[in-house]
Amino acid sequence: MSGLAIFVKTPGRSAVKTRLAAARGAAWAEDWYRRAAAAVAEVAVHAGVTAYWAVAEPDAVWPDLPAIHQGDGGLGERMARVHATLVARHGRGMLLGADAPQVSPALLRDADAWLDAADARLVLGPSRDGGFWLFGGNVAPPLAAWTGVRYSAADTARDFRAALDPYGAWRTLPVLTDADRADDLPHVFAELTALPDPLPAQRTLADWMRRP
């Protein structure tokens with residue numbers, strides 16, 4: 001069974017969803033973020049993986065799941081550290097953002113099943129903006145492979161995959177939208193409401209997003 005870490009920043013302690021906040025206001029963005037993170041956590045639990053919060057702040061407390069501190073450094077360094085921790089504990093690990101609440105348990109189970117193998121394997125969930133909403137592996141690629149990638153760019157997923165390509169066979173999951181900007185929200189809402197069997201936190205988030 002994979003260990004899965006959901007990367008979060010704590011509202012009020014760190015700035016969250018700054019581009020979304022610029023369009024909708026900080027309070028709205030923080031409320032959406034907390035609801036989305038709760039939906040992602042519920043999905044992870046239902047998928048049967050061992051889920052953690054990967055928290056940005058060393059003493060942050062988030063509900064219901066144990067925490068792993070991301071540590072210092074850029075995003076690549078922090079992801080590498082958390083992923084290596086998961087692989088050491090569980091034999092395989094997945095990293096997931098908190099801003100794609102339309103992920104389903106079936107997608108996470110698919111990724112986990114792919115990683116349950118003796119040979120070196122990697123999995124990537126590309127996002128609509130050119131980044132990725134999930135990475136997983138049953139090996140821990142070296143730090144240099146993570147830190148040589150430019151993140152939050154239109155070619156991040158492509159470059160990330162190329163950097164890690166020598167370290168395992170790939171499986172690619174469906175493209176999802178992660179919510180960084182206001183114009184991402186209609187796509188997230190459409191993907192959320194298209195789920196055939198949404199979980200309670202996903203239904204709650206969709207109902208909340210319908211409000212004017």
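Begin by selecting K17, which is buried at a relative accessibility of 14%; buried denotes under 20% relative accessible area, exposed over 50%, and partly exposed in between, computed with a 1.4 Å probe on protein chains only. This is a predicted model, in which local features need pLDDT of at least 70 and side-chain atom pairs count only at pLDDT 80 or more, while totals for chains, interfaces and linings use all residues. Residues are numbered from 1 along each chain as its sequence is written, and side-chain values use heavy atoms, with hydrogens and water left out.

**Stop 1: two loop residues with positive phi**

K17 lies in the loop that runs between strand 1 (3-8) and helix 1 (18-24). Helices (H or I, at least four residues) and strands (E, at least two) are DSSP runs, numbered from the N terminus. The phi of K17 is positive, near 50°, in a residue other than glycine. Most residues other than glycine have a negative phi.

Select S152 next, in the loop between helix 5 (143-147) and helix 6 (156-164). S152 is not a glycine either, yet its phi is positive at about 60°. Is S152 buried or exposed? With 74% relative accessibility, S152 counts as exposed.

**Stop 2: helix 2 and helix 8**

Two packed helices are described by the angle between their axes and the distance between the axes. Display helix 2 (residues 26-47) together with helix 8 (residues 200-210): their axes come within 8 Å and cross at roughly 155°. Axes here are lines fitted to C-alpha atoms, for helices over the stretch in contact, and angles run from 0 to 180 degrees between N-to-C directions. Helix 2 and helix 8 are therefore roughly antiparallel to each other; angles under 35 degrees count as roughly parallel, over 145 as roughly antiparallel, 65 to 115 as roughly perpendicular and the rest as oblique. Their crossing is left-handed, a term used if the near helix is turned anticlockwise from the far one by less than a right angle, with right-handed used if clockwise.

Helix 2 contributes W28, D31, W32, R35, A36, A38, A39, E42 and V43, and helix 8 contributes P200, A201, Q202, T204, L205, W208 and M209. By class, this contact of helix 2 with helix 8 has 11 nonpolar, 2 polar and 3 charged residues. Ala, Val, Leu, Ile, Met, Phe, Trp, Tyr, Cys and Pro count as nonpolar, Asp, Glu, Lys and Arg as charged, and the others, Gly among them, as polar.

A39 is buried, at 0% relative accessibility. Leaving aside neighbours within four places in sequence, A39 is in contact with P101, A201 and Q202.

**Stop 3: helix 2 and helix 4**

The crossing of helix 2 and helix 4 is right-handed. V43, A44, H46 and A47 of helix 2 meet P105, L108 and R109 of helix 4.

**Stop 4: Q102**

Move to Q102, in the loop between strand 4 (93-97) and helix 4 (105-115). Q102 is buried, at 2% relative accessibility. Which side chain does the side chain of Q102 reach in a polar contact? The partner is E191, at 2.5 Å; a polar contact is a pair of N or O atoms within 3.5 Å, where within protein one must be able to donate a hydrogen and the other to accept it, and residues adjacent in sequence count only if both atoms are side-chain atoms. Beyond four places in sequence, Q102 touches L176, T177, V188, E191, L192, L195 and Q202.

**Stop 5**

Select D184, in the loop between strand 7 (169-172) and helix 7 (185-193). D184 is buried, with a relative accessible area of 3%. Its side chain reaches the backbone nitrogen of R181 at 2.9 Å. Apart from neighbours within four places in sequence, D184 is in contact with R128, T177, D178 and A179.

Finish at D129, in the loop between strand 5 (121-126) and strand 6 (132-137). D129 is partly exposed, at 27% relative accessibility. Its side chain joins that of S127 in a polar contact of 2.7 Å and reaches the backbone nitrogen of G131 at 3.0 Å. Not counting residues up to four places away in sequence, D129 touches A153, A154, D178 and D180.

Conventions. Contact = heavy atoms within 4.5 Å.
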